[in-house]
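Subject: Structure handover

Hello,

Here is the structure I promised you. Please open it first, then read the notes below.

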Amino acid sequence: MRIKICGIKRVEDAIMAAYCGADAIGLVVGQKHNSDDFIDKDLARKIVKQCPPYISPVLVTELDDAEEISNLAHKIGVTSIQLHSDCTVDSIVSLRKILPHIKIIKNFHVNGFEVMQAMKPFESVVDAFILDTLDLANDKVGGTGLVHDWNVSRNIVKEVSKPVILAGGLTPENVGEAIRFVKPFGVDASSGLKDSDGFKDKRKVINFISRAKHEFFKVRNLSLEN
């Protein structure tokens, strides 16, 4: 079970997430929609430089131009890019040519079973998919705190050939149920782990990670027994 803590906005939260057992952190840079999680590239670069070993810093961006994204990724120094934009298959192919060794994760909003058809053309050009929830009312494409239909997500996990990461309204309270039902490759949380100051709450991060890993081992052991 891979666990990403997204919306990291300061160095101490990145270090805290790493020591709590996170596998990756998300740095949200390159804004087109509403969110209070965006940081500038200089802060993102500072966070990456001070990350402990064995944790993957991920650029989460709403940009869709391959050259602009690659320049941003290069300046920040990330190992993966998570695309929350309407970028095309061709633009991802272009991005791969510029950054052949970087991992690319494409976001899709789960609004019905028809999303699977939209995902199919991207299977050959991305390393993974992340399933999230769209909040049109507040112009948010991520970090919405809203849960989508896990029945759709569960079906996607079974049907697509690439790893699927589950996001969208995940919290320490519901992550175990989400893993048990959807059986994703990984989980990703942001707004559900915030304190009242907008930064990450250590207790929530600890509980989220421990419950996610605990549920994963339960699911795996049941599969082995069967």
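In which sense do β4 and β5 pair, and over how many bridges? They pair in the parallel sense, over 4 bridges. Two strands count as paired if DSSP finds at least two bridges between them. Helices (H or I, at least four residues) and strands (E, at least two) are DSSP runs, numbered from the N terminus.

Some ground rules before the rest. This is a predicted model, in which local features need pLDDT of at least 70 and side-chain atom pairs count only at pLDDT 80 or more, while totals for chains, interfaces and linings use all residues. Residues are numbered from 1 along each chain as its sequence is written, and side-chain values use heavy atoms, with hydrogens and water left out.

**The strands around β4**

Right-handed has a set meaning: with the strands pointing away from the viewer, the path from the first strand over the helix to the second runs clockwise.

β4 also has β3 (residues 56-61) as a partner: the two run parallel and are joined by 4 bridges. V60 has Q82 as its bridge partner there. β3, helix α3 (residues 66-76) and β4 make another β-α-β unit, and that unit is right-handed.

Strand β4 (residues 80-83) is covered on both faces. S80 and Q82 are buried on one side, I81 and L83 on the other. Buried means under 20% relative accessible area, exposed over 50%, partly exposed in between (1.4 Å probe, protein chains only).

S56 lies in β3. S56 is partly exposed, with a relative accessible area of 22%. The C-alpha atoms of S56 and D23 are 6.3 Å apart, although 33 residues separate them along the chain.

**Helix α3**

The buried residues of α3 are A66, I69, S70, L72, A73 and I76. They sit on the same side of α3, because they cover an arc of only 160° around the axis. That arc is taken from the directions from the helix axis to the C-beta atoms. E67 and H74 are exposed on the other side of α3.

**The aromatic rings**

Rings of Phe, Tyr and Trp (its six-membered ring) pair if their centres lie within 6.5 Å; planes under 30 degrees apart count as stacked, over 60 as edge-to-face and the rest as tilted. By this rule there are 3 aromatic pairs. F108 and F122 form an edge-to-face pair, 5.5 Å centre to centre with 70° between the planes. This pair links distant parts of the chain, 14 residues apart: F108 is in strand β5 (residues 103-109), F122 in the loop between α5 (115-119) and β6 (128-132). Both are buried. Ring pairs join F108, F122 and F129 into a cluster.

Two charges sit over rings (NZ of Lys or CZ of Arg within 6 Å of the ring centre and within 35 degrees of the ring normal). K106 has its charged end over the ring of F122, 5.6 Å from the centre. R154 lies over the face of F181, 4.5 Å from the ring centre.

**T133**

T133 is in the loop between β6 and α6 (150-159). T133 counts as buried because its relative accessibility is 7%. The side chains of T133 and H148 are joined by a polar contact of 2.9 Å. A polar contact is a pair of N or O atoms within 3.5 Å; within protein, one must be able to donate a hydrogen and the other to accept it, and residues adjacent in sequence count only if both atoms are side-chain atoms. A polar atom of the T133 side chain also lies 2.7 Å from the backbone oxygen of L146.

Best wishes
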